[in-house]
Amino acid sequence: MTWYAIDTWIVVVGALAATASALLGNFLVLRKMSMMGDAISHAVLPGLAIAFLVTEARASLTMFIGAAIVGVLTAVFTQWISRFGKVDEGASMGIVFTSLFALGLLLIVQAADHVDLDPGCVLYGAIELTPLDVVWRPKLFGFDLEVPRAALVLGGVTLLNLTFIIGFFKELRITSFDAELATTMGIHSNWMHYLLMTLVAVTSVAAFEAVGSIIVIAMLIVPAATAHLLTDRLWVMLLLSAVFAVASALLGHLSALVVPSWFGFADTSTSGMMAVAAGLLFLLTMLGAPRYGVLAKYFRKAESVGV
Amino acid sequence: MQNEQTVISPKSLPLTIRDLTVAYHRKPVIWDIDLTIPEGKLVSIVGPNGAGKTTLIKACLDLIPRSSGEVSIYGQPYKQARQRVGYVPQRESVDWDFPVSALDVVAMGTYGQLGWFRRVSKRSKALSMQALERVGLADYAHRQISQLSGGQQQRTFLARALVQDADIYFMDEPFAAVDAATERAIVEMLKEIQERGKTVLVVHHDLATVPQYFDWTVLLNMRVVAAGPTDEVFNQQNLRRTYGGKLTLLTQAANEVERSR
C-alpha cells in the first residue's frame with residue numbers, strides 16, 4: 001500500500017463529513033428520530049434538482065437553500081400527514097421522503113441533458129475524486145497545501161454544526177429530554193426540531209456532493225449510537241461520536257485500500273468502507289462496552305446468579 | 001382569609017378557566033370547563049381513565065390547542081405568566097436512558113429563568129443540589145437517571161419543580177407507581193409548598209387518599225362534575241356521577257369518606 005497526499009485529503013474530507021453528521025446525529029438518536037436523518041438526506045434531492053434547473057449551474061448557495069427548504073418541508077409534511085391522515089409518524093415519514101426522492105430522481109433524469117448531475121454520484125458520492133478539485137493553496141509550516149473545495153465546504157458545515165450545538169446546548173438538551181417541560185418554559189421544542197432538521201438538510205447537501213448519501217445516513221446514526229453505549233454524559237457522548245466519526249473515516253479508507261487486495265480485487269468504494277467501518281466499531285462497542293455492552297451484561301448476570 | 005370583604009380580582013386567582021373545550025379529531029375530550037381555583041390550595045383532579053385529566057392540564061399549559069375557551073393564570077394568559085408556573089409531567093413521558101444525571105435533570109428547572117444562550121450557572125447548580133437534598137437524593141446527584149428507582153425518579157422530577165420556584169404547580173400523577181416512603185415524602189413536600197402560599201394541582205388516581213392529602217378537589221369526567229373543598233364535594237353522589245357504575249371503586253371511596261369523618 002502506498003499513501004499519497006490524495007489519501008490524506010480523502011480521509012480529511014470523509015472525517016469532516018462524518019463529524020458534521022455525527023454531531024447532529026446525537027440529537028436524532030436521543031430524540032428517537034434516527035430515521036428522520038435518513039428521510040431528509042433522501043428528500044433533499046428535489047431541492048437540489050430544482051436549484052439546478054433554476055440556476056442551470058452547480059451554485060452551492062442556491063443548492064444549500066433549495067435543500068434546506070425541502071429538508072424542513074419533509075419534517076413539516078411528516079407531521080401534517082401523521083396528524084391529519086391518521087397514520088403513524090414512521091409511515092408518514094416513509095410516504096413523504098420516498099415521494100420527494102422519486103420526484104427528485106425524475107427531475108434529475110429530465111434535466112440530465114443539460115446539467116452535469118448523475119444520480120449514482122448523489123448516492124455513492126465520489127470521495128476519491130474530491131482532492132482533484134483544489135481551490136486554495138496556502139503555505140503552512142513550509143508545506144504547500146492543496147485544499148480541495150469539499151474540505152472547505154465540509155469544514156464550514158462542521159463548524160456551523162459545532163457552533164449550533166455549543167450555542168444551544170442547554171436548549172437541545174431539555175427539548176430532547178423533556179419537550180413538553182421545555183415548551184412550557186418558553187423553549188419551544190418545535191423550533192429546535194426545525195432548526196435541527198434544517199442543519200441535517202444542509203449537512204446532507206454538503207456531504208452529498210463530496211461523499212454521497214451513504215456516509216451521511218450512516219454517520220447521522222451509527223457514531224452517536226456507539227457513543228451512547230459508552231457514556232452517561234451528554235457532552236462526552238458528543239465528543240465520542242466525533243471520535244468514532246473520524247476513526248470510521250480513517251479505518252474506512254485504510255480498509256478500502258488494503259482489504260480488497262487480500263481477496264485479489266482492486267481497491268473499493270471508500271464511502272462504503274467508511275460506513276462499514278462505523279458499523280464494525282458499533283458492533284465491537286456493543287459487545288465490549290464496560291457497562292452497557294453485551295458481554296458486561298452477561299457477566300454481571302452470571303455473577304448475580306452465582307451469588 | 002376568605003372572610004375578608006375584598007372583591008377577588010382574577011389577578012389573585014392562580015387559575016381561572018372559562019368555557020374550555022379541547023377536541024382530538026373533532027371528538028371533544030374535555031367539554032365546556034369552567035373552573036376557578038383559589039390561592040394556596042392543594043387540589044386533586046380525579047376522574048376515570050379517559051376523563052381528560054391530563055388534557056385539562058396540558059390545555060392550561062398551552063401544550064395542546066384549545067377548541068374554545070380561555071385559561072388565565074393570575075389574571076394573565078399563559079404566555080405572560082409562564083415564569084410563575086411549574087410542571088411535573090408523567091414519569092413515563094421521558095426517556096430515562098437519556099445521558100443526564102439526576103442533578104442535570106433538576107437543573108433543567110432553572111432553564112426557563114436563564115434565557116437563551118446562557119449556560120447553566122454555578123448558582124443554578126447549587127440551587128439544584130439544595131432541591132435534591134430536600135427530596136433526600138443528594139447522594140444520587142451524579143447518577144445517571146435510569147439507575148434510580150421509580151420513586152427516586154419521581155422525586156427527581158419534584159426537585160426539578162422546586163427549583164422552578166413557581167407560584168402554581170401542575171403535576172400529572174406524581175404518585176403513580178411509587179413506594180410508600182416516596183409517597184409520604186411527596187405529600188410532605190406538597191404540604192410544604194402549600195405552606196408557602198403556593199397552589200398545587202395534582203392529577204390523582206388513588207381515591208382512598210384524596211380526603212387525607214387534598215383540601216380541594218375537582219371531579220372530572222369530560223365536564224367538571226363538581227369542584228370545591230374536598231369535604232364538601234368528595235361524596236358518594238358526586239363520585240357516582242363521575243365514575244358511573246364502577247362500584248368497587250365507589251364503595252372503596254365511600255368507606256374512605258366515612259372513615260375520614
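Tutor: Begin with a term. Two residues are in contact if their C-beta atoms, placed from the backbone, lie within 7 Å. Keep in mind that this is a predicted model.

Student: Across which strands does helix α1 of chain B lie?

Tutor: Helix α1 of chain B, residues 53-60, lies across β3 (42-46), β6 (168-172), β7 (199-203) and β8 of chain B. The helix runs at about 145 degrees to β6(B).

Student: Is α1(B) mostly covered or mostly uncovered?

Tutor: A residue is buried if 20 or more other C-beta atoms lie within 10 Å of its own. By that test α1(B) is mostly covered, with seven of its eight residues buried. They are B:Lys53, B:Thr54, B:Thr55, B:Leu56, B:Ile57, B:Ala59 and B:Cys60. Just after the helix, B:Asp62 has a positive phi of about 65 degrees. For chain B as a whole, 42% of the 261 residues are buried.

Student: How do I read the sheet?

Tutor: Strands of a sheet pair through backbone hydrogen bonds, either parallel or antiparallel. In chain B, six strands make an open sheet with mixed pairing, in the order β5-β6-β7-β3-β8-β9. The twist from one strand to the next averages 15 degrees.

Student: Which strands stand at the edges?

Tutor: β5 (85-88) and β9 (223-229) of chain B do. Each has a single partner strand, so one side of each is left without a neighbour in the sheet. For β9(B) the partner is β8(B), residues 216-221, and the two pair in the antiparallel sense over six bridges. B:Asn221 is opposite B:Arg223 of β9(B). Helix α10 of chain B, residues 236-243, lies across β8 and β9 of chain B, at about 155 degrees to β9(B).

Student: How many residues of chain B are in contact with chain A?

Tutor: There are 19, in contact with 20 residues of chain A. On the side of chain B that touches chain A, β5 and α4 (111-114) of chain B each supply at least two residues. By class, that side has 14 nonpolar, three polar and two charged residues.

Student: Now chain A. How are two packed helices described?

Tutor: They are described by the angle between their axes and the distance between the axes. For helix α1 (residues 5-30) and helix α11 (residues 234-262) of chain A, the angle is about 150 degrees and the axes are 8 Å apart. Angles over 145 degrees count as roughly antiparallel, and α1(A) and α11(A) are therefore roughly antiparallel to each other. Their crossing is right-handed. Among the residues making the contact are A:Gly14, A:Ala18 and A:Ala22 of α1(A), and A:Ser241, A:Ala245 and A:Ser248 of α11(A). The contact has 14 nonpolar, eight polar and one charged residues.

Student: Can we finish with a single residue? Which helix holds A:Met219?

Tutor: A:Met219 lies in helix α10 of chain A, residues 213-228.

Student: Why does A:Met219 count as buried?

Tutor: A:Met219 is buried because 33 other C-beta atoms lie within 10 Å. Not counting residues up to four places away in sequence, A:Met219 touches A:Ala17, A:Ala18, A:Ser21, A:Ala22, A:Gly25, A:Ala245 and A:Ala278. A:Ala18, A:Ala22, A:Gly25 and A:Ala245 also belong to the contact of α1(A) with α11(A).

Technical notes: Residues numbered from 1 in each chain as written. Chains lettered and ligands numbered in written order. Predicted model: local features only at pLDDT ≥ 70, side-chain atom pairs only at ≥ 80, totals over all residues. Axes fitted to C-alpha atoms, helices over the stretch in contact; angles between N-to-C directions. Helix = DSSP H or I, 4+ residues; strand = E, 2+ residues; numbered from the N terminus. Parallel < 35°, antiparallel > 145°, perpendicular 65-115°, else oblique. Left-handed = near helix turned anticlockwise from the far one by under 90°. Nonpolar A, V, L, I, M, F, W, Y, C, P; charged D, E, K, R; others polar. Pairing = 2+ DSSP bridges. Buried ≥ 20, exposed ≤ 12 C-beta atoms within 10 Å, placed from the backbone.
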